[in-house]
Amino acid sequence: MSIATLRTSYLAASLASVSRSMLKQQVPIKSQYAATNSPPPPEGFMPGVANSKFIRNTHHEALRNPELAGVANGETKKMNTFQAINDAMSIALATDDTACVFGEDVAFGGVFRCTMGLAEMFGRDRVFNTPLSEQGIAGFGIGMAAMGSTAIAEIQFADYIFPAFDQLVNEAAKYRYRSGGEFDVGGLCIRTPCGAVGHGGHYHSQSPEAYFAHTPGLKVVIPRSPIQAKGLLLASVRDRNPVIFMEPKILYRAAVEMVPVGDYELPLGKAEILTQGKDLTVVGWGAQLYVLENAIQLAQKKMPGLSVELIDLRSILPWDVETVCNSVNKTGRLLIAHEAPKTQGFAAEIATTVMERCFLRLEAPIQRLCSYDTPFPLIFEKFHVPDMIRCAEGIERAMKF
Amino acid sequence: MFARIPARAVARAIPSRTLAATSVKAFATSAVSKDISATSKKDRIKVNFPGALDSHFSQKLEIRERMEPIDTFRVMDTDGKVLDPSLEPDVTEEFAIKIYKDMLTLNNVDLILYEAQRQGRISFYMTNAGEEAYIGSAAALDPEDEIFGQYREAGTLLYRGFTLDQFMNQCYSNDLDLGKGRQMPVHFGCKALHFQTISSPLATQLPQASGAAYAIKRSGRKNCVMCYFGEGAASEGDFHAALNIAATTSCPVIFFCRNNGFAISTPANEQYKGDGIASRGVGYGMHTIRVDGNDVWAVYKATQEARKIAVEQHKPVLIEAMTYRVGHHSTSDDSSAYRSKKEVEDWKRHDNPIVRMRKWLENKGWWDETKESSHKSFARSQVLKSFAAAEKRKKPPVSEMFNDVYDKLTPNLIEQKKELEELIKKYPDHYDTSNYAPEK
């Protein structure tokens, strides 16, 4: 649980106007300060997700995806990411009587509103608050899953998942293996918000996927949009292995799509090629994809005709080696970007595998664009994360080598 | 080891057939046979198990669900009247007024910074509203007692002399912030005032407080550690680890639980069962006090006594201060989603720690309406002055991002710092550093 419970949008101002007028009279906001001194906007420093070509704004666009063939004739509804996640959990609860949703502050709807209405719809014995203990939540979920039930547990911020590290890494991940297949905790799915948001500082911004990616037995999934979040979450809940589902919190409200209302799953362990290209392969996941989209556009302005293949990895563990290596074999160049610090970030694993498998095809050093190797620094966030400029520079370096 | 057990004990320890039969009956019915429970006390035999040396053997199957609830110590009623004359605080006027003024000032800081966040001028804030009486605990400490806080204890820093400028500089993440702008607002810390820097993860400070107390004990200093946390944090494993390790290694530490009824939205009755957090202290074999957390003098007295035990006997003490979080959890929270506004208003009206202290002072003849309004407007003007000054300052130099990760920059950081410098030089419009202080 967090000290802050940041939301991606500020609540409407509500305090009595006494102190407000007092502030206005005595400390007038100078326009220059309003522009440069005010805190970062709720959507952080990321250019608008809304204009992304990867956001499916219409019913038709949403259903053009061959992975959604199963719901191709169904309805779609406008949802942001937290609504799509809510919808996925609602379907998981409706289709599986053993399924429960629990975590800190989950009953009233969750601090990011992902569980809104679920307690009312499915009852407080299936959607409930837990005491404030991440290790307790993870262990409890493992126990439920060991009995064959489905446990959808929320850790309020990925930054607070570490008390549960022992339960996840030593227990959930090894449950099947250590028992010779006698037992498993396939019904366990841990949801947790991750990533930068513009004002989260050390403990409301981290992207700890690499810690878990170092653990055989776990699966790690990070969606980029509402459609993806719903399908990947349903697959994660139903997958017969413990899955850590990391939700980029900046996208809860910022990303809005026409989402199929039906029950559908998207494949785990499978990357998605967002744009085909022949000169350079770019790999990212989650919110970083929108930064990369802008970086590619920027680079293309400098290098007209540049053809980039952008891949959303989606699953960090197991990851889709085949799709990435096939792409690099075609392009000969690779750039990987993520928000977690560079040293031992997951880009290192991708780069090594590609080096092993595509060595003779590489025409430039693999570029890693990551946050700097410091804790996440509040006031320096825009300098810390691999933003559009840094990623565009990386593209240029790869191309001009 | 067995050789030392008296023969009688061994004989008693082995249940006879009759007793075994009775036990089975007890299991079945939860009833207890009268003649067995009537065994006179002097005949009772102490166990010899290493794990519970004070226990006696008994033929009464006891299934205990609860202990006697621990009372809540109170000095004043809600009208600031001292309930037992022998508890009248033995303090000077100056001391009492310092506490009260700090409560008022804290309240002002809260009002202004909360509103500043609402206007988008700072990114985040957490108020202390309803819990200001914890300042009484700060007043009972020695200034060199080390504090490990959670996040809603800014008043202890204020009491120790953290200046309004320092509060504002931190909340504005400017170049004078001791934390160099790296953490969210309210993550204060100050070595000179023996206040360890706040971190957001909950309960992590508790075992650290035990370790710090152990180090202080070994150094021979006549000090203790004060560790604040909430009843929500007491559900974390770290809480249990901390109490157990402090008790077993005899640490001079006070664990001060602000039980304000809510962990964000989760009410205390969904957080734990049993007699509050205080009952845990007894379970860990610690001295334990429950106190009315809205009563400054009760909090002061409880902390004073706890400190004596910690410093003189080198033992940990748990204080559970019962209070109510009047404000939202933080500026990111709207508590009307999970509790009624009326409930909050009732608490504000009927049991307000600031009002209770004010009435006590007025009964003493040490305070009146003139002093009240004059201090309020003085505090407000001071807070606003600091606020305005902090807002005008630049953020720390960008290079501060790389410092303090280690004691010295490591090769990877040197390289990354250079990379950023070049980027800033190349793209001055994109990386606008005009709001950051120049590099030294």
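Me: What is the accessible surface of chain B?
Reply: In this predicted model, chain B has an accessible surface of about 20700 Å². Carbon and sulfur atoms account for 53% of that area.

Me: And how much of the chain is buried?
Reply: Of the 440 residues in chain B, 51% are buried.

Me: What box do the C-alpha atoms fill?
Reply: Along the principal axes, the C-alpha atoms of chain B occupy a box of roughly 90 × 65 × 50 Å.

Me: Turning to charge, how many positive and negative side chains are there?
Reply: Chain B carries 60 positive and 58 negative side chains. The centres of these two sets are 5 Å apart.

Me: How many helices and strands does chain B have?
Reply: Chain B contains 16 helices and seven strands. As for contacts between residues at least 6 apart in sequence, 73% of them link residues at least 24 apart.

Me: Let us take one helix, α14 of chain B. What does it span?
Reply: Helix α14 of chain B covers residues 353-364, twelve residues in total. From first C-alpha to last, α14 reaches 17 Å, close to the 16 Å expected at 1.5 Å a residue.

Me: Which residues of α14(B) are buried?
Reply: The buried residues in α14(B) are B:P353, B:I354, B:R356, B:M357, B:W360 and B:L361. They lie on the same side of α14(B), because the arc they cover around the axis is only 165 degrees.

Methods:
Residues are numbered from 1 along each chain as its sequence is written. Chains are lettered from A and ligands numbered from 1 in the order in which they are written. This is a predicted model: local features need pLDDT of at least 70, side-chain atom pairs count only at pLDDT 80 or more; totals for chains, interfaces and linings use all residues. Side-chain values use heavy atoms; hydrogens and water are left out. Helices (H or I, at least four residues) and strands (E, at least two) are DSSP runs, numbered from the N terminus. Buried means under 20% relative accessible area, exposed over 50%, partly exposed in between (1.4 Å probe, protein chains only). Contact means heavy atoms within 4.5 Å. Accessible areas come from the Shrake-Rupley method with a 1.4 Å probe; for residues, only the protein chains shown count as cover. Lys and Arg count as positive and Asp and Glu as negative; His and the chain ends are not counted. The place of a charge is taken as NZ of Lys, CZ of Arg, CG of Asp or CD of Glu. The expected span of a helix is 1.5 Å times one less than its number of residues. The arc is that of the directions from the helix axis to the C-beta atoms.
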